[in-house]
Amino acid sequence: MELSFKKIYFFLIVGISIISACLQGASDIPPVAENDEGAQHMVRVLISQKDAEGGVWLLESLSPMYLRAFDVSLGRYRRYRIEQHRIEIFYKAGSFIINGKRFSNVQFELMPSEGKRLLFEGKEYEGSFIFCVHNESCLVISYLSLEKYICSVLKSESWPGWPLEVNMVFAVACRSYVVAKMLQARKKKLLYDVKNTNIHQTYQGFHTQESLKKAVAHTRGLILTHKKKPVMAMFDSCCGGIIPAHMHGVNFDHAPYLARQAACNYCKDSKLYRWKLEIDQHELENLLQCKGLNVTALSDIVISKKDKAGIVQEITICGNNKILKVSGKKLYSWLKPLKSYSYIVKKRSRKIIFSGTGYGHHLGMCQWGAHAMVSEGYRCPEILGFYYPGTQIMKLRC
Ligand SMILES: [Zn+2]
């Protein structure tokens, strides 16, 4: 698979300088996994953030753990072996307390024994954990190689049962996205690259899905680039036939690869393509009141503005002799069962009926569309080229 992939496309090599230039000196936390594969491409994922003195964290391992921290008196990093298989950590009065012992560093790293994994709050993770205090918050950061991170996020961002080619497409998109975020975070000198939620990419630690491991291995180091820079390869479940280039309010100058001019008709048979949501008038009134809008006796609801792509920009709500306007973005964030930004709305008796297309934000790759393209015989590079126009596949030097 990998050979034919390489035959079709000439992979330019992304000079290590693109990545490493931004990694160097950008973080207070030096890379520590010297023996880990691709140690130069390490991802920092925020998995917990609490008030510094408000959290207690539990870590477990079946074998001894190691703590690495800077020793001021020695002027270098030191490693301490921890025999206990369970560690309780909290922060108090300027120090971390680790299994009852005071530890004065405001930042340290916990590592498993070689080849082992750590359990953090019941979930197993590859790599190590960095604990640090910043602006009166304690951050717990999972620190692991890029390839292991991609393998992990595919479990949540993909469908293990789908064909290998589809998961290869997702692996390249997820890798491109996180590499772009890594560069952005390190330029801004942030303490982490991405969060572990769907704000970025859902990351839930280690899994044993062989099909996903294979998709990662077959695309190892491959990313999508635009003018030799990694692209923020966004994707959603189903685009609903929206033409992203026609969407209003997206900065396509900044991300021209998201301005797809061609409609994706591949997802039309997907069960997510069309949706309907019926809610009671009273339920919508309650929701709007919770958000500070004084709406009672709702008499009508209409879409008052849509952009050229069909994305709802503004909704007008009439009730108790008032006319209120709500932006499409706000209603989407308030009304969780709304599946997308593309819909019509009607009032029928005491029911409010939304009928729409797609599932998600309509930008970038459409996952159900990509699945259908694979069924029609398209290969990974063609699919990525369709959803992210003007991009090239390049290979990170690992
Ligand atoms: Zn689609």
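Two residues are in contact when their C-beta atoms, placed from the backbone, lie within 7 Å. The model is predicted: local features need pLDDT of at least 70, side-chain atom pairs count only at pLDDT 80 or more, and totals for chains, interfaces and linings use all residues. Residues are numbered from 1 along each chain as its sequence is written.

**View 1. The protein chain as a whole.** Welcome to a chain with 9 helices and 25 strands; helices (H or I, at least four residues) and strands (E, at least two) are DSSP runs, numbered from the N terminus. Of the 398 residues in the protein chain, 40% are buried. A residue is buried if 20 or more other C-beta atoms lie within 10 Å of its own, exposed if 12 or fewer, and partly exposed in between. Among contacts in the protein chain with a separation of 6 or more, 67% are between residues 24 or more positions apart.

**View 2. The largest nonpolar core.** This core has 103 residues. A nonpolar core is a set of buried Ala, Val, Leu, Ile, Met, Phe, Trp, Tyr and Cys residues joined through C-beta atoms within 7 Å. Ile141, Leu154, Val169, Val172 and Ala233 have the most contacts inside it. Helix α4 gives the most to this core, with 14 residues. Leaving aside neighbours within four places in sequence, Leu154 is in contact with Asn167, Phe170, Ala171, Cys174, Leu212, Ala215 and Val216.

**View 3. Helix α3 against helix α4.** Helix α3 (residues 146–157) and helix α4 (residues 164–187) pack at an angle of about 120°, with their axes 10 Å apart. Axes are lines fitted to C-alpha atoms, for helices over the stretch in contact, and angles run from 0 to 180 degrees between N-to-C directions. The two helices are therefore oblique to each other: angles under 35 degrees count as roughly parallel, over 145 as roughly antiparallel, 65 to 115 as roughly perpendicular and the rest as oblique. The crossing of α3 and α4 is right-handed; a crossing is left-handed if the near helix is turned anticlockwise from the far one by less than a right angle, and right-handed if clockwise. On the α3 side, look for Leu146, Tyr149, Ile150, Val153, Leu154 and Glu157, which meet Asn167, Phe170, Ala171, Cys174, Arg175 and Val178 in α4. The residues of this contact divide into 9 nonpolar, 1 polar and 2 charged. Here Ala, Val, Leu, Ile, Met, Phe, Trp, Tyr, Cys and Pro count as nonpolar, Asp, Glu, Lys and Arg as charged, and the others, Gly among them, as polar.

**View 4. Helix α8 and what covers it.** Helix α8 (residues 367–375) is mostly covered, with 8 of its 9 residues buried. The buried ones are Gln367, Trp368, Gly369, Ala370, His371, Ala372, Met373 and Val374. Their cover includes α4, β17 (235–236), β24 (365–366) and α9 (380–387). α4 and α8 pack at an angle of about 140°, with their axes 9 Å apart. That angle makes α4 oblique to α8. In this contact, Glu165, Val166 and Val169 of α4 meet Ala370, His371 and Val374 of α8. By class, the residues of the contact of α4 with α8 are 4 nonpolar, 1 polar and 1 charged. After α8 comes Gly377, whose phi is positive, near 100°.

**View 5. Helix α4 against helix α9.** These helices pack at an angle of about 50°, with their axes 9 Å apart. α4 and α9 are therefore oblique to each other, and α4 passes α9 in a right-handed crossing. Glu165, Met168, Val169 and Val172 of α4 make the contact with Cys380, Ile383 and Leu384 of α9. The contact of α4 with α9 has 6 nonpolar, no polar and 1 charged residues.

**View 6. Two loop residues with positive phi.** Most residues other than glycine have a negative phi. Ala93, although not a glycine, has a positive phi of about 45°. Ala93 lies in the loop between β6 (86–92) and β7 (95–98), and is exposed, with 7 other C-beta atoms within 10 Å. Glu121 also has a positive phi, near 45°. Glu121 sits in the loop between β10 (118–120) and β11 (123–125), and counts as partly exposed, with 13 C-beta neighbours inside 10 Å.
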